[in-house]
Structures are given as structure tokens and as C-alpha cells.
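Colleague: Could we go through the aromatic contacts here? Please start with how you use the word "buried".
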Amino acid sequence: MAFQLSPLPYAADALAPAISAETLSFHHGKHHQTYVDKMNAAIEGTAHADASLEAIIAASRGTNQGLFNNSAQTWNHAFYWHSMAPSSTAPSADLAAKIDEAFGSLDALKQQLKDRGAGHFASGWVWLAEKGGKLSIEETHDADTLADSGFNPLLVLDVWEHAYYLDHQNKRPSYLDAVVEGKLNLAFASENLARGTVWTYA
Ligand code: MN
């Protein structure tokens with residue numbers, strides 16, 4: 001069964017000016033849609049046709065790079081849309097305690113997310129993740145994902161240039177500052193922490 005493009009959980013202009021409606025229209029309507037379409041074309045008529053997205057990612061890792069890239073990017077982008085909100089949301093008490101334990105404070109976590117995102121070489125993703133009850137910031141390159149990694153991903157930031165170029169040109173730190181300080185969906189991260197299992201594509 002073909003996968004549908006995961007809908008944006010807010011209006012296309014809801015993240016402006018950090019991320020404009022124009023950027024979201026290309027990033028969701030063109031980039032994300034293309035990953036979904038290429039994945040659907042690759043699984044049609046194969047053993048993957050009725051599998052979950054998470055199973056396709058795990059099965060194609062290291063064995064079918066094209067399918068892995070498109071399925072991982074389909075998952076990563078859906079997870080990224082939910083990682084942001086029109087205004088930043090608050091962490092649960094449990095998440096807040098784990099943030100303090102791992103980073104010292106919420107402000108320190110935000111600074112580390114910005115620093116790691118700015119320092120990430122070329123395209124990729126910067127994650128807040130949990131494993132064994134401990135939080136950490138993780139980076140993945142290109143399409144790589146934490147969906148099948150043994151981590152429980154809590155939220156992610158897209159640091160591919162297409163995520164920010166129309167609004168911030170080459171200034172990735174400007175994009176990261178606007179998103180981390182104003183659009184971070186820590187309520188979503190709290191839900192993922194409380195569930196204790198990896199979010200599934202919707
Ligand atoms: Mn992207």
C-alpha cells in the first residue's frame with residue numbers, strides 16, 4: 001500500500017518568520033513529497049509493499065541505499081514537522097528533570113542544539129534522543145535516521161540547506177536560533193519520552 005505524505009501539523013505560515021510559508025511549501029510540498037513518491041515507486045510490487053515505514057527503513061539499511069535514503073527521509077521529515085510548533089511548548093516534569101540532569105538546564109540544551117547544528121558538516125539532522133533513561137544530542141548525516149538506531153528520538157532539527165536557504169540564505173545559525181528559541185515542540189519530545197518507544201510515521 002502506498003504511503004501518503006504526512007500532513008503538516010500547522011498552517012504553512014505558522015512558523016514564520018523563523019521558517020516562511022514559501023520554505024514550507026517547497027520543503028513539505030516538494031522535497032518531502034518527492035521522498036514519499038520515490039519510496040512508493042521503489043516498494044511497489046515488492047516484499048516491502050505492505051510493510052511499515054519503520055520496517056522498510058530497518059530492512060533497507062545497508063542493503064538498498066536508494067530505498068533507505070527515501071524511506072528514512074520520509075520518516076525524518078514527518079518527525080521534524082512535529083518537532084516544531086507555532087510557539088515553543090513546555091517540557092513535561094519528567095523531560096525537564098532529564099534535561100537538567102544531562103545538560104544542566106533547558107537553556108544549556110538549547111545552546112548545545114544550536115552549536116551542534118551549526119557545527120554539523122554539510123547535510124544532516126541533529127537530534128535530542130534518549131537511551132537507557134539518559135538524554136543526549138546525536139547527529140546523523142544525509143538521510144540517516146535514529147528511527148531504527150536503538151535510541152528513542154525525542155525531536156529533530158533538519159540542517160540540510162533546503163530547510164533554511166530561502167529565509168536565512170547561508171546563515172544556518174540564524175535559522176537554528178529562530179527555531180530553537182521560538183518554535184521548539186518540547187511537548188512532542190515529552191510525549192515521545194513518556195511512550196518510551198520510537199514514534200511511528202503518521
Ligand atoms: Mn529537509
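Modeller: Buried means under 20% relative accessible area, exposed over 50%, and partly exposed in between (1.4 Å probe, protein chains only). By that rule Tyr 164 is buried, with a relative accessible area of 3%. This is a predicted model in which local features need pLDDT of at least 70 and side-chain atom pairs count only at pLDDT 80 or more, while totals for chains, interfaces and linings use all residues. Residues are numbered from 1 along each chain as its sequence is written, and side-chain values use heavy atoms, with hydrogens and water left out.

Colleague: How many aromatic pairs does the structure hold?
Modeller: There are 11. Rings of Phe, Tyr and Trp (its six-membered ring) pair if their centres lie within 6.5 Å; planes under 30 degrees apart count as stacked, over 60 as edge-to-face and the rest as tilted. Trp 75 and Trp 199 make an edge-to-face pair, 5.4 Å centre to centre with 80° between the planes.

Colleague: Are Trp 75 and Trp 199 buried or exposed?
Modeller: Both are buried.

Colleague: Which residues form one aromatic cluster?
Modeller: The cluster consists of Trp 75, Phe 79, Trp 127, Phe 188 and Trp 199.

Colleague: On charges, what sits over the ring of Phe 151?
Modeller: The charged end of Lys 131 does, 4.3 Å from the ring centre. The rule requires NZ of Lys or CZ of Arg within 6 Å of the ring centre and within 35 degrees of the ring normal.
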